[in-house]
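Please examine the sequence and the structure shown here.

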Amino acid sequence: MSITIKNLSKRFGDFQALDTINLEVRDGELLALLGPSDSGKTTLLRIIAGLELADSGSLLHRGQEVTHRSARDRNVGFVFQHYALFRHMSVFENVAFGLRVRKVSESRVRDRVGELLRLIRLEGYERRFPGELSGGQRQRVALARALAAEPRVLLLDEPFGALDAKVRQELRQWLRRLHDDLHVTSVFVTHDQEEAFEVADRVAVLRGGRLEQVGSPTEVFEHPVNAFVISFLGNVNVFHGRVHNGRALLGGVEIDYPDYSMDEDELAKVYVRPHELDIEPDGKGASGVAARVLHVNPAGSVARVQLVDVATELLIHAEISPQRHAALNLQAGDRVRVSPRRVRVFAPEPDYVI
């Protein structure tokens with residue numbers, strides 16, 4: 001393992017920022033720390049970097065205890081959200097800064113900076129200043145500066161958060177390609193599920209200073225461990241139903257749910273993602289949750305349908321294919337039946353907030 005975190009906790013006054021975190025980061029992987037505001041992800045990143053010290057627990061880099069070492073002694077590169085470039089220095093000098101602090105020879109500085117500028121596709125920009133660059137270019141320079149001293153670990157704190165959507169998308173793809181070329185162990189913080197899933201090898205989901213789930217993007221999305229994780233990872237519908245003897249019952253529809261095999265009925269909250277819902281006309285013999293269409297947005301690769309549950313007045317969000325939308329010809333006010341193809345049932349968590 002490149003990084004091993006054991007029983008790590010941190011408080012700021014009365015605020016519990018991290019609570020008994022146990023996490024391992026594999027050598028050469030890119031791990032995303034994902035969670036809402038105040039979940040502890042940035043605090044954890046700063047402790048890994050040595051910019052904060054934990055109150056308790058231990059931190060190891062490749063088996064070596066570094067819990068109380070300074071940031072300078074940990075050989076990590078750090079990329080901040082707002083670039084943190086030196087405005088009075090050229091691109092060349094910004095990238096060279098860490099090498100000069102370490103008193104690297106001038107010939108090695110020239111070679112390393114040239115190598116990194118080629119890597120980030122900014123050859124010819126050596127003499128420009130940060131104010132002459134776009135936001136995406138400045139962030140690439142910040143990344144090159146972090147990589148200059150060949151760190152064992154690269155840490156990124158919401159590196160694309162200050163950029164517009166199109167530039168963010170381009171830089172996400174670029175970062176993934178760069179990581180595949182360099183294989184440096186990387187940990188980055190984000191609150192954006194799409195960003196984490198597109199870039200990371202594994203995702204660690206945090207809430208309120210606790211680690212909720214760790215796994216590949218597919219594992220976390222397809223097999224969330226609780227109501228918080230499924231709710232945080234994109235839009236989800238919540239229905240009130242029952243579970244009984246390996247079945248979930250929802251509005252006259254029965255779905256296999258082998259996780260509950262008891263003979264007794266139990267009330268449950270049933271979670272269904274929009275793309276896992278079917279819509280049928282509300283005709284004779286139709287089953288499912290009775291709903292009324294509120295709005296249809298057919299633009300894009302899917303048609304997004306907003307409905308309301310007739311019985312509970314709760315909103316329902318569904319996504320169907322353009323072909324299915326054309327066949328149904330849905331209009332606002334239409335009465336339909338909504339049926340899930342797949343459900344996830346979790347114990348109620350009345351106290352969680354996203």
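Is Gln213 buried or exposed? Gln213 is buried, because its relative accessible area is 9%, where buried means under 20%, exposed over 50% and partly exposed in between, with a 1.4 Å probe and protein chains only. The model is predicted, so that local features need pLDDT of at least 70 and side-chain atom pairs pLDDT 80 or more, while totals for chains, interfaces and linings use all residues. Residues are numbered from 1 along each chain as its sequence is written, and side-chain values use heavy atoms, without hydrogens and water.

Gln213 belongs to strand E10, residues 210-215; strands (E, at least two residues) and helices (H or I, at least four) are DSSP runs numbered from the N terminus. Beyond four places in sequence, the contacts of Gln213 include Val203, Val205, His223 and Val229, contact being heavy atoms within 4.5 Å. The backbone nitrogen of Val225 is reached by the side chain of Gln213 at 3.0 Å.

Elsewhere, an open sheet of four strands has the order E2-E1-E4-E5 with antiparallel pairing; two strands pair if DSSP finds at least two bridges between them. Its edge strands, E2 (15-25) and E5 (64-65), each pair on one side only. Strand E1 (residues 3-12) is joined to E2 by seven bridges, and Leu8 stands opposite Ile21 in E2. Across E1, E2 and strand E4 (56-61) lies helix H1 (residues 41-49), at about 120° to E1; axes are lines fitted to C-alpha atoms, for helices over the stretch in contact, and angles run from 0 to 180 degrees between N-to-C directions.

How values were computed. Polar contact = N/O pair within 3.5 Å; in protein donor to acceptor, adjacent residues only side chain to side chain.
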